[in-house]
Amino acid sequence: IRLRRLQQTRSPRSAQLHAKQKHSWDTLTASTSIESPPLARRNAATYTQQPVYMAQQVQAKQRELQSKLEAMLASVEDERLRPMRKQGFLAMAKCCDLSDPTAYQQCLQKAQLPEQRASQVVQGELNDFQGRLQRAIATCQDDVKDGGYSDQNRAQNVFNTCVGKVFDAHAGMLGDVKKRIEKGLR
C-alpha cells in the first residue's frame, strides 16, 4: 500500500526514474536461470521437484531483494528527494515574479538543477548496483558451465544456490548504496 501511495505521489521526473529502475530490474531478473535441455529416461516428476523448490527459494530471495531495494528508494525519496523537490518548486514559483523572459528561464533552470543532479546520483548508483548484481549472476552461470556437470539437476541446484547467495550479499549492500546516494545528494 505504501509503495502504491509513493508511486501516486511521484513527480513526472521521479516517475520516469522509477520506470527506468523497474525496467532495469525486470531485465535483470530475466537472466537468472540456466537453460536445461530435455533429459531422456528420467522421470519428469523427480527431475523437476528439487529444482522447482530451489527455484522458488531463489525467487523468494529475489523478491526480498527487490522489496528491500524499493524500501531503500522510498526512504531516500521521503528523507532527501521530496524536500529537495519542494525547495525546487518553491524556487520555481519565485521565478514567476521575474518580468524578463531570459531571467525567468535562467531562474527556472537554476531551480531545477538540484533535482536533476539528485536524479543522476540515484540513477548512477542504481546502475552500478545492477551492474554488480548482473556480473555476480554471470559468474554463477560461468561457474556452472565450468563445473562440467553431467547432471542438469545438479547444475541447476548449484546455479540456484549461487544466485541465492548473490541476492543475499547484494541485499546486505543496500545500506552502503543508500549512504553513497545520501553523500552524493549533499
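These are my notebook entries on what I looked up in this predicted model.

**Entry 1: overall make-up**

I began with the secondary structure of the protein chain and found five helices and zero strands. From the N terminus on, the order reads α-α-α-α-α. I then looked up burial: of the 186 residues in the chain, 37% are buried. The chain exposes about 11,700 Å², and carbon and sulfur atoms supply 52% of that area. For contacts with a separation of 6 or more, I noted that 81% are between residues 24 or more positions apart.

**Entry 2: helix H4**

I checked the length of H4, which covers residues 101–147. With 47 residues at 1.5 Å a residue, H4 should span 69 Å, and its end C-alpha atoms are 67 Å apart, which agrees. I also looked for bends and found a kink of about 35 degrees at Leu113, shortly before the proline Pro114. After H4 comes Gly148, which has a positive phi, near 60 degrees.

**Entry 3: the nonpolar core**

I looked up the largest nonpolar core and noted that it has 28 residues. Among those with the most contacts inside it are Leu65, Met72, Ile137 and Phe167. H3 (44–95), H4 and H5 (152–184) each supply at least two residues of this core. Which helix gives the largest share of it? That is H5, with 10 residues.

**Entry 4: disulfides**

I reminded myself that a disulfide is a covalent bond between the sulfur atoms of two cysteines. My search of the whole structure gave two of them.

The sulfur atoms of Cys95 and Cys107 are 1.9 Å apart, and the two residues form a disulfide. Cys95 lies in H3 and Cys107 in H4, so the pair ties together parts that are 12 residues apart in sequence. The link is left-handed, with -80 degrees about the S-S bond. Cys95 is buried at a relative accessible area of 0%, while Cys107 is partly exposed at 22%.

The other disulfide joins Cys140 to Cys162, S to S 2.0 Å. This pair links distant parts of the chain, 22 residues apart, with Cys140 in H4 and Cys162 in H5. This link is left-handed too, with -75 degrees about the S-S bond. I noted Cys140 as buried, with a relative accessible area of 1%, and Cys162 as partly exposed, with 23%.

Counting bonded cysteines along the chain, I get the pattern 1-2, 3-4.

Note on methods:
Residues numbered from 1 in each chain as written. Predicted model: local features only at pLDDT ≥ 70, side-chain atom pairs only at ≥ 80, totals over all residues. Heavy atoms only, no water. Helix = DSSP H or I, 4+ residues; strand = E, 2+ residues; numbered from the N terminus. Expected span 1.5 Å × (residues − 1). Bend = angle between axes of the 7 residues up to and from the residue. Core = buried A, V, L, I, M, F, W, Y, C linked by side-chain atoms within 4.5 Å. Buried < 20%, exposed > 50% of the residue type's maximum accessible area, 1.4 Å probe, protein only. Contact = heavy atoms within 4.5 Å. Areas by Shrake-Rupley, 256 points an atom, 1.4 Å probe, with all protein chains shown as cover. Disulfide = S-S within 2.5 Å.
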